[in-house]
Amino acid sequence: MKADEDLKQTMSRMAAASAWGLGDIKTMIEFVNFIPRDSFDGLFYRAVLNVMQSDDAPVTRFNEAQEYISKARDLLSTELAALAKESYSR
């Protein structure tokens with residue numbers, strides 16, 4: 001059901017933020033996997049995870065984090081431009 005998926009994604013965002021606050025990377029990974037990759041939150045949390053796990057392969061992890069940040073920035077700028085255009089036309 002669509003409502004169940006929306007609820008799962010909403011709860012996953014809150015749970016990922018809580019796990020991040022507690023420094024629990026394993027739990028954070030589990031919850032981030034439920035957040036769509038093409039959403040701002042999904043991109044943001046995946047960037048955070050790459051930075052938190054940078055001890056494994058620092059250069060690779062930071063490059064992946066930068067890619068997620070760039071995609072999140074593009075997504076956000078598109079949304080902000082649309083909101084500004086809508087507000088201006090009023």
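1. Leaving aside residues up to four places away in sequence, Asp41 touches Arg13 and Ile35, where contact means heavy atoms within 4.5 Å. The C-alpha atoms of Asp41 and Arg13 are separated by 7.3 Å, although these residues are 28 apart along the chain.

2. This is a predicted model, in which local features need pLDDT of at least 70 and side-chain atom pairs count only at pLDDT 80 or more, while totals for chains, interfaces and linings use all residues. Residues are numbered from 1 along each chain as its sequence is written, and side-chain values use heavy atoms, with hydrogens and water left out.

3. Asp41 lies in helix H3, residues 40-52; helices here are DSSP runs of H or I with at least four residues, numbered from the N terminus. Asp41 counts as partly exposed because its relative accessibility is 26%, given that buried means under 20% relative accessible area, exposed over 50%, and partly exposed in between (1.4 Å probe, protein chains only).

4. Gln53 is found in the loop between H3 and H4, and Gln53 counts as buried because its relative accessibility is 18%. Not counting residues up to four places away in sequence, Gln53 touches Ile25, Ile29 and Arg61. The side chains of Gln53 and Arg61 make a polar contact at 2.9 Å, that is, a pair of N or O atoms within 3.5 Å, of which, within protein, one must be able to donate a hydrogen and the other to accept it, and residues adjacent in sequence count only if both atoms are side-chain atoms.

5. Leu83 has its place in helix H4, and Leu83 is exposed because its relative accessible area is 52%.

Conventions. Helices (H or I, at least four residues) and strands (E, at least two) are DSSP runs, numbered from the N terminus.
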